[in-house]
Amino acid sequence: MIEQLAVVTRWFSLALLIAATVLYAYQLLMKRETLAWWARFLAGAGTLMLTAGIGFRSTVSNGTELVGPHNTLVLSAWAVLVVYFIAEHFMKNRTYGAVLVPVAVLLLIVAQFLSGAQPSGLTAAALVQLDNWRVGIHVVLIVFANAGFFVAGAASLFYLILGGQLKRHKTGPLLDRLPSLAQAQMIARRAVVLAFPAYTAGMILGTIRAIETDVGGFWADPRVMLSGLVWALFGTYLFLLYGRGVSGRTASWIAIAGAGAVVALSILARTLPVGFHIFAL
Amino acid sequence: MHLTLVGLSHKTAPIEIREKLTFPANRQEDALALLTSTDDVVEAIILSTCNRTEIYAVTAADTDGPGAIIDFIADYHDLDRHELVRYLYIVEGDAVVKHLFRVVASLDSMVVGEAQILGQVKEAYEQGFEYQSTGRVFNKLFRQSFEVGKRVRTETAIGESAVSISYAAVELAKRVFETLEGRTVLVLGAGKMSELTAKHLCSNGVCKVLVANRTFARAEELAAKFEGTAIPYEKLYEYLGKADILISSTAATEYVVTKEAVAKAMRGRRGDPLFLIDIAVPRDIEPGVNEIDDAYLYDIDDLSGVVEANLDERMREAERAEAIISEEMAAFEAWLESMEVVPTIAAIRSKSEQIRQEELERALKRLGGLSEKELQTIEKLTQSIVNKMLHGPTNRLKGVAGERYGIGYIEAARYLYGLDSNPDGKNPHGGILRHLLRKKEKAADTKTEMGDTVV
């Protein structure tokens, strides 16, 4: 019964989020504020449904499943939605919904296609090793940090687009709907400031667990190395911005590169089944 | 006498040319004196704003009025006449009236419906009046144009969707900063345009206003209006690093804010944007500033792009304004025709003759049985009385007609003899009186006013 509820709520959430995506796109193009309210309502309902779906699934499996592409993608979609709502609550700008809600929808659709897929190299022994609280926190931290980095990348992209338009003295109806330059910059900065410590903590916990379970040469794993690249990029972002007072444009390019590395890492995690770290993002 | 207009505007000339052809307020006296020093130009007014430089003139009928004005502009600014002509437009006759009314009604402005042009035309007229370069035609034409501006503003919604250069600047600032609350604006130059823009920014939440001006007292005066702080002009760059928005509108002829200085000020801002609004002509801020990361520079031409979205609505209202202009044009042309001395004297004589005839007829009816000789005597008596009564006024009217204030006498004569219907019952000299009173107020103001000139 609960398993059925989990499936139904997942599908409902996907339907609600697709409807929200359509409304966000429409209000972005047509400047209809009432539609924006409905878009937000549907996105909120979809997020609650998704939360419920994850909860039902966790109940059935006696704990949240963190392993496998389906589960990590669903969690990533959920994290993106939560980060979006936090940003929207503070920034009062719905433009991000027009980008981040469709991203969440895309992640959920891909997750549905990969619902039966399991990491090929995952052995029973590895599953036992993964059944640890540190791994759980590590995954949650990394998923939320990735969502934060992705939001920072999207905000930085907005920053560059809007900055470019303002530099070229061009205006247009779509430009009116974009967040302001300062707001885009603030979202990007805050997202990185919040995500970076989470990512660092996630990496430390993962490293501790790898050492505990005596995984030889874990640091040479391509995904661990890529995560190191992500960390280095966003670390550079923070250092240059707050330490050296680098320009917003330079900082934005670094954030976009970092977000690109997050996406690349996610894809590589599934397309390159090598190394020990084949079960996660 | 012939109405002539030679000018250039944002529609015909880029800012690089317009900034070369400005006539700042402090140089208008010389320019007007020079312009009207020849017999070709009888009356003249120079309208010099950020977006246009126009010379309105009443030229002698048998001269090449446009040629004389073009020569004057070329000589005054030391420019090549043939190069200059490419950017100029020439308007003559009734079309000048229409053009002026359209300018005052803000139909020819970069931002249709903006209210500043009316004040700028008034200032230009007051300068002309003060320096005695206006006469009977322009006194009437420009005063009527102000009425046109007022009518268009009150009878249409052309100014309701708030779009102006300063509003455009505020809108752009919001695109950069989302909200202006808590932002710091640095006003460079204490002119009216920068004051207006700063006022808009403050009404949108800007909390801190810094004012820099070459004349510190003027900076203090403007800063006081916004509860802001006047800063020494020499410390401009020091404060630039602390500002979010810079509004520049000085009368300087060279760049006041350079690329190098802005680049230096941007260091250590941690990517915080700096929005620079250059509403001065000639420009105050080096255009290369826009190439600096996080610095967004808009000059007067760039601001026009922002307001295009609201233009459609204003254009619809502009059609109604055109109808008002047509009405007013017809009224002015009728006045112009009537204000010739000969028609005025003819009208006075005609009216007097009509009265004489009517009174004579009435008297003869009462007298009855008069001989032919008696009739002729009475006829000649009445004619003689009328002629003698009109002789003095007629001669004096002819005498003052060519003088600068002749229009006042002609208007007074038409009013006293009741030649024109005057449904409003207004004293035709009320305008002159009001103008003179305003002039006194202005003279008192200028004694205390120091600082940069607004264009």
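In strand β4 of chain B, B:I90 is the bridge partner of B:V6. That pairing belongs to a set of four bridges joining β1(B) (residues 2-9) to β4(B), and the two strands run antiparallel. The model is a predicted one, with local features resting on pLDDT of at least 70 and side-chain atom pairs on pLDDT 80 or more, while totals for chains, interfaces and linings take in all residues. Residues are numbered from 1 along each chain as its sequence is written, and chains are lettered from A, with ligands numbered from 1, in the order in which they are written.

β1(B) and β4(B) sit in an open sheet of four strands, ordered β2-β3-β1-β4 (chain B) with antiparallel pairing; strands pair if DSSP finds at least two bridges between them. At the edges stand β2(B) and β4(B) (89-92), each with a single partner strand, so one side of each has no neighbour in the sheet. Direction ignored, neighbouring strands here are turned by 15° against each other on average. Helix α7(B) (residues 136-155) packs on this sheet, touching β2(B) and β3(B) (52-59), and its direction makes about 35° with that of β2(B). Angles run from 0 to 180 degrees between N-to-C directions, with axes fitted to C-alpha atoms, for helices over the stretch in contact.

β2(B) (41-48) also turns up among the elements that cover the buried residues of α2(B), along with α3(B) (65-77) and α6(B) (116-130). Those buried residues of α2(B) (residues 28-35) are B:Q28, B:A31, B:L32 and B:L35. They fall within an arc of 95° seen down the helix axis, so they line one face of α2(B); the arc is that of the directions from the axis to the C-beta atoms. Buried means 20 or more other C-beta atoms within 10 Å of the residue's own, exposed means 12 or fewer, and partly exposed is in between, with C-beta atoms placed from the backbone.

Chain B as a whole has 18 helices and 10 strands, taken as DSSP runs numbered from the N terminus (H or I, at least four residues, for helices; E, at least two, for strands). Of its 455 residues, 42% are buried.

The other sheet described here is an open one of six strands in chain B, with parallel pairing in the order β7-β6-β5-β8-β9-β10. Its edge strands are β7(B) (229-231) and β10(B), each pairing on one side only, and the twist averages 20° from one strand to the next. Within it, β8(B) and β9(B) (residues 274-278) pair in the parallel sense over four bridges, and B:I277 in β9(B) is the bridge partner of B:I247. α8(B) lies across β8, β9 and β10 of chain B, at about 165° to β9(B).

B:G241 is partly exposed, with 16 other C-beta atoms within 10 Å. Neighbours within four places aside, B:G241 is in contact with B:A265 and B:R269, contact meaning C-beta atoms, placed from the backbone, within 7 Å.

As for the interface, 19 residues of chain B are in contact with 19 of chain A. On the chain B side, α8(B) (165-177), β10(B) (295-299) and α13(B) (300-306) each give two or more residues, and α8(B) provides the largest share, four residues.

How values were computed:
Two residues are in contact if their C-beta atoms, placed from the backbone, lie within 7 Å.
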